[in-house]
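Hi everyone, thanks for making time for this one. Have a look at the sequence and the model on the screen, and then I'll walk you through it.

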Amino acid sequence: MQYSYKPKGVCSRGISFEIVDGKVRNIQFAGGCSGNTQGVAALADGMTAEEVIAKLSGIRCGFKGTSCPDQLAKAVKEATE
């Protein structure tokens with residue numbers, strides 16, 4: 001199933017992904033720091049939803065209280081609840 005999420009507090013304007021058999025796939029960020037978001041998407045692709053949430057939750061970007069990886073974790077958590 002395809003999910004879309006509007007991140008809050010980061011440069012990225014949108015996150016889309018699928019969860020197939022409990023694994024997060026086809027992660028795409030709209031906007032944000034291109035190299036960083038592509039890297040996060042590539043590393044998280046194929047992880048279980050639980051792994052993405054555990055590994056990426058709480059990561060901060062500079063002085064911000066969140067980051068694109070943290071927002072991906074929030075999106076996945078919301079999609080699995």
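Let me begin with a question: in β3, which residue is the bridge partner of Glu18? The partner is Arg25.

Before going on, a word on the ground rules. This is a predicted model, with residues numbered from 1 along each chain as its sequence is written, and local features need pLDDT of at least 70, side-chain atom pairs count only at pLDDT 80 or more, while totals for chains, interfaces and linings use all residues. Side-chain values use heavy atoms, with hydrogens and water left out.

On to the strands. Helices (H or I, at least four residues) and strands (E, at least two) are DSSP runs, numbered from the N terminus. Two strands pair if DSSP finds at least two bridges between them. Strand β2, residues 12-20, pairs with strand β3, residues 23-31, in the antiparallel sense over 7 bridges. Their hairpin has 2 residues between the strands, and Asp21 takes a positive phi near 50° there.

Ser4 has Ser16 as its bridge partner in β2.

Let's stay with Ser16, which sits in strand β2. Ser16 counts as buried at 16% relative accessibility; the cut-offs are under 20% relative accessible area for buried, over 50% for exposed, and partly exposed in between, with a 1.4 Å probe and protein chains only. Not counting residues up to four places away in sequence, Ser16 touches Gln2, Tyr3, Ser4, Asn26, Ile27 and Gln28, where contact means heavy atoms within 4.5 Å.

Now for the rings. How many aromatic pairs does the structure hold? There is 1 aromatic pair. Tyr3 and Phe17 make a stacked pair, 5.4 Å centre to centre with 25° between the planes. For the cut-offs, rings of Phe, Tyr and Trp (its six-membered ring) pair if their centres lie within 6.5 Å, and planes under 30 degrees apart count as stacked, over 60 as edge-to-face and the rest as tilted. Tyr3 lies in strand β1 and Phe17 in strand β2, so the pair ties together parts that are 14 residues apart in sequence. Tyr3 counts as partly exposed at 21% relative accessibility, whereas Phe17 is buried, with a relative accessible area of 1%.

Another residue in strand β2 is Ser12, which counts as buried at 3% relative accessibility. What does the side chain of Ser12 reach at 3.2 Å? That is the backbone oxygen of Ala30, and the side chain of Ser12 also reaches the backbone oxygen of Gly14, at 3.3 Å. A polar contact here is a pair of N or O atoms within 3.5 Å; within protein, one must be able to donate a hydrogen and the other to accept it, and residues adjacent in sequence count only if both atoms are side-chain atoms. Beyond four places in sequence, the residues that Ser12 touches include Pro7, Phe29 and Cys68.

Next, the helices. Helix α3, residues 68-80, has 13 residues and reaches 18 Å from its first C-alpha to its last, close to the 18 Å expected at 1.5 Å a residue; that expected span is 1.5 Å times one less than the number of residues. Ser67 caps the N-terminal end of α3, with a side-chain oxygen 3.1 Å from the backbone nitrogen of Asp70. Among the buried residues of α3 are Cys68, Leu72, Ala73 and Val76. Their cover includes β1, β2, β3, α1 (34-44) and α2 (49-56).

Helix α2 is the place of Val52, which is buried with a relative accessible area of 0%. Leaving aside neighbours within four places in sequence, Val52 is in contact with residues including Val24, Leu72, Ala73 and Val76. The C-alpha atoms of Val52 and Arg25 are separated by 11 Å, and these residues are 27 apart along the chain.

Last topic: the cysteines. The structure holds 0 disulfides, a disulfide being a pair of cysteine sulfur atoms within 2.5 Å. Cys61 is in no disulfide either, and its nearest cysteine sulfur, that of Cys33, is 6.2 Å away. Cys61 is partly exposed, with a relative accessible area of 40%.
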